[in-house]
Amino acid sequence: MQQNEVPILAFNNVTKVFPLKGNKTTHTALDQLSMQLYPGMVVGLLGQNGAGKSTLMRCALGILTVDSGDIKTLNESPAVLSDTAKSRIGYVPQQPFGYEGFTVDRALDLHRSFYVDWDKQLEQEWLKRFELDVTQSVQKLSVGQRQSLALIMAMAYRPTLLILDEPVASLDPIARRKFMTDLFDLALESGSAVLFSSHITSDLERVASHVALIKKGKLVLFKEIDTLREQVKLLKVSVDSELPQHLDILHQTNTADSMLILADNCQSQEQFNGLISEQSLNLEQLFMELHR
Ligand SMILES: Nc1ncnc2c1ncn2[C@@H]1O[C@H](COP(=O)(O)OP(=O)(O)OP(=O)(O)O)[C@@H](O)[C@H]1O
């Protein structure tokens with residue numbers, strides 16, 4: 001369905017290396033990573049601490065430059081994004097900042113003035129939903145309230161591309177649930193693409209259309225969430241079994257008399273010699289098996 005469309009965000013073989021210890025060693029934070037986001041996609045990024053999620057987002061925004069490969073953000077190079085492209089991107093970093101010394105309504109007044117497409121009604125709805133007091137000083141907001149304000153500021157102009165780095169980490173479960181559902185609806189409604197990271201796998205399962213699993217800078221899985229449920233399985237097989245060619249092995253653990261294989265591209269009801277059992281996994285179980 002998306003083959004003829006231009007991706008909203010495209011990573012092509014992206015590698016990012018950080019120098020360490022006074023340039024004596026390096027750390028590869030992103031390793032030959034390719035992924036495309038099309039309109040309507042809500043992509044949940046999942047990975048351990050330090051896997052490369054924030055780095056990926058920062059490269060997409062031109063905050064960091066890549067060492068090799070290529071990124072197209074709204075069909076432009078992130079290093080030289082035009083003002084038009086910038087005004088179509090919403091970004092909430094892990095630690096939102098700014099507007100200290102302002103009240104919430106003054107901060108919104110100023111922020112709103114940068115965006116011609118600002119939707120005041122949406123802003124008001126979200127203020128009510130997050131129960132933010134607009135007369136409150138930004139400095140005195142709780143961490144979760146600040147995060148809520150940052151989300152409103154990133155979304156009220158209905159950006160075409162929304163990049164959210166752990167957007168709900170500090171929100172209470174009720175605010176989190178409302179926000180995540182709205183996020184999904186908003187993206188579908190306006191044909192935007194969303195890239196968000198979260199360690200809360202149940203949120204990811206509920207709202208993401210696609211899951212991108214990153215391990216040590218490599219993209220190990222990028223799939224529609226329903227396909228992932230069907231195709232990624234934990235197989236227990238005997239040590240001498242010959243695995244079918246179509247399986248893509250994501251992780252393998254050997255025990256004395258059997259092997260546990262985390263496999264992608266499984267068919268429904270796999271059958272081959274040596275297969276002892278097959279288990280479907282939820283996202284949290286998949287994550288644990290991948291990092292076993
Ligand atoms: N400016 C930098 N200089 C050196 N190393 C860096 C820099 N930024 C990130 N790194 C390293 O790159 C790796 C990936 O970091 P990144 O912040 O992208 O991880 P993450 O997946 O977002 O983690 P978390 O879930 O903890 O937020 C880490 O090992 C980190 O230490």
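Mentor: The largest nonpolar core has 73 residues. Such a core is a set of buried Ala, Val, Leu, Ile, Met, Phe, Trp, Tyr and Cys residues joined through C-beta atoms within 7 Å. Buried means that 20 or more other C-beta atoms lie within 10 Å of the residue's own; exposed means 12 or fewer, partly exposed is in between, and C-beta atoms are placed from the backbone. The residues with the most contacts inside this core are V43, I163, A193, V194, L195 and V211. Helix 5 (residues 143-155) gives the most to the core, 7 residues. Helices (H or I, at least four residues) and strands (E, at least two) are DSSP runs, numbered from the N terminus. The core also draws at least three residues from each of domain 1 (9-226) and domain 2 (232-290). Those bounds come from an automatic or database domain assignment.

The model is predicted: local features need pLDDT of at least 70, side-chain atom pairs count only at pLDDT 80 or more, and totals for chains, interfaces and linings use all residues. Residues are numbered from 1 along each chain as its sequence is written.

Now look at V43. Leaving aside neighbours within four places in sequence, V43 is in contact with L37, V194, L195, A208, H210 and A212. Contact means C-beta atoms, placed from the backbone, within 7 Å. V194 and L195 are also among the residues with the most contacts inside the core.

Next, the two domains. The centres of domain 1 and domain 2, taken over C-alpha atoms, are 34 Å apart. Their contact takes 9 residues from domain 1 and 7 residues from domain 2. On the domain 1 side, helix 7 (201-207), strand 8 (210-215) and strand 9 (218-224) each give two or more residues. By class, that side has 6 nonpolar, 1 polar and 2 charged residues. Here Ala, Val, Leu, Ile, Met, Phe, Trp, Tyr, Cys and Pro count as nonpolar, Asp, Glu, Lys and Arg as charged, and the others, Gly among them, as polar.

Finally, the whole chain. The protein chain has 9 helices and 13 strands. Of its 292 residues, 34% count as buried. Among contacts with a separation of 6 or more, 69% join residues 24 or more positions apart. Along its principal axes the C-alpha trace spans about 70 × 45 × 45 Å.

Key. Two residues are in contact if their C-beta atoms, placed from the backbone, lie within 7 Å.
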